[in-house]
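Dear colleague,

I am passing on the structure below, and my notes on its charged side chains follow. Please read them beside the coordinates.

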Amino acid sequence: MAGILNKLRNLDAYPKINEDFYSRTLSGGVITLVSSVVMFLLFFSELRLYLHSVTETKLVVDTSRGETLRINFDMTFPALACSILSVDAMDISGELHLDVKHDIIKRRLDSHGNTIEARQDGIGATKIEKPLQKHGGRLGHNETYCGSCYGAEAEEHDCCNSCEDVREAYRKKGWGVTNPDLIDQCKREGFLQRVKDEEGEGCNIYGFLEVNKVAGNFHFAPGKSFHQAGVHVHDLLAFQKDSFNISHKINRLTFGDYFPGVVNPLDKVQWSQDTPNAMYQYFIKVVPTVYTDISGHTIQSNQFSVTEHVKSSEAGQLQSLPGVFFFYDLSPIKVTFTEEHISFLHFLTNVCAIVGGVFTVSGIIDAFIYHGQKAIKKKMEIGKFS
C-alpha cells in the first residue's frame, strides 16, 4: 500500500516548495495585480457572451417548392394623382395581375404632402340619375339598371354600371378608352373633370402583393393596363396628357416578414424626374432567408440586393412606358440565421483557458523581469570590484 502511495506521490505535477525559499518582489506584485485585472476583464467578457445568444449563419441550397412570395410596399408619388396610378404584377410562368386593387390602399396627397383622402382604389363612382341603359333608353320607373359596355361585353347579359366597369371591360378586351366623354357612365360621373381636379396632387400607395415564387416584375404606372397582341400596354389616351412625372419615394419595400438584423436597401430611397417622361427600373436579386430565434420560432423571409437604371425621353416621345418597374429574380441559395446559446462546457473551457493562459504568460513575464534584474545587478557588482 505504501508503495502505491509513493508512486502516486511521484506523479504530482505540482511539487510544493517550502515557503522559506520564496522570494517576493515588487515587479511580481505589479504583474500579479495587472494579470488579475486582465483575467477579470476577460472572464466578464466571456460571461456576457455566454449569457447572450449568438447567431449562426449557414448557406444551403433552396429546395422549397410551390411557395408564394409576399411583397410589401409603401410608395409616394408627389406628382402623380391616385386616379391615374395603377399596379400590375406578372411573372415568367405567364400569370398576370393587372390593375391590382385588393389589399392596396391609395391616399391622395396635396402639393405639401398632406393627406386629402384615403380609399381602396381609383376614382369613386357617384350615383347616376337616369343613366343610359343597354337598350339605349334611360332608366325607367322600378327598372333595374344595366349599363352598356359599348361592345366590350364578354357575354350578352353583362352590364357596365360605372365608368370603371366600362374601362375594366375594355381592358379585358385589350382595347383602350380614347375619349371617356363618349361613354355615358364616364361623362355623367365626370371622369375627365375628376382627373383635372386632381391635377397637381400626389399619391401614397401601400399594401402587398402575393405572387408566385418565380422571377417576375411588378410596376406602378399611369393608366389602365391591358394585353394587346401579346404586348403589355397602358391606356394613356384617356387622360389626354403627353407627359407624366414619376418622381417617387420608396418608404418601404420588403419581400416577406421583418426579422432582426434585416437591411432593406430601398427603404427611404427617393428619385426626382428631370425629363417629361421616364421609366425607372430596379433590378432586384431576392435571397430566401430563414431566421430562427432563441425560442425556436422560425420566420420565413427574404433579403435582397438591387441595381438601378433609368430611361428618359422627351415630351411627346413615349419610347418606353413611364412608370416605376421592379424586376426581381430569386437566388438558388438560402441563408439561415439561427440564434443559440453557448454551451456551459464551452463557457467553462474558455474560462479555464483564460485563467491558465493569463497565469502562464504573467509567469513568463515575471521570470524574464526577475532574471533580467539579477543579471544587471550581478554585472553592476562585478564592475565595482574590477
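Is Lys-285 buried, partly exposed or exposed? With a relative accessible area of 35%, Lys-285 is partly exposed, where buried means under 20% relative accessible area, exposed over 50% and partly exposed in between (1.4 Å probe, protein chains only).

This is a predicted model, in which local features need pLDDT of at least 70 and side-chain atom pairs count only at pLDDT 80 or more, while totals for chains, interfaces and linings use all residues. Residues are numbered from 1 along each chain as its sequence is written, and side-chain values use heavy atoms, with hydrogens and water left out.

The structure holds five salt bridges, each a side-chain nitrogen of Lys or Arg within 4 Å of a carboxyl oxygen of Asp or Glu. In one of them Lys-285 pairs with Asp-329, the closest N and O atoms being 3.5 Å apart.

Salt bridges that share partners join Asp-62, Glu-67, Lys-213 and Lys-334 into one network. Within it, Lys-213 forms a salt bridge with Asp-62, with the closest N and O atoms 3.7 Å apart, and these two residues sit 151 residues apart in the chain. Asp-62 counts as buried, at 19% relative accessibility. Lys-213 also forms a salt bridge with Glu-67, where the closest N and O atoms are 3.1 Å apart.

Best regards

Key: Helices (H or I, at least four residues) and strands (E, at least two) are DSSP runs, numbered from the N terminus.
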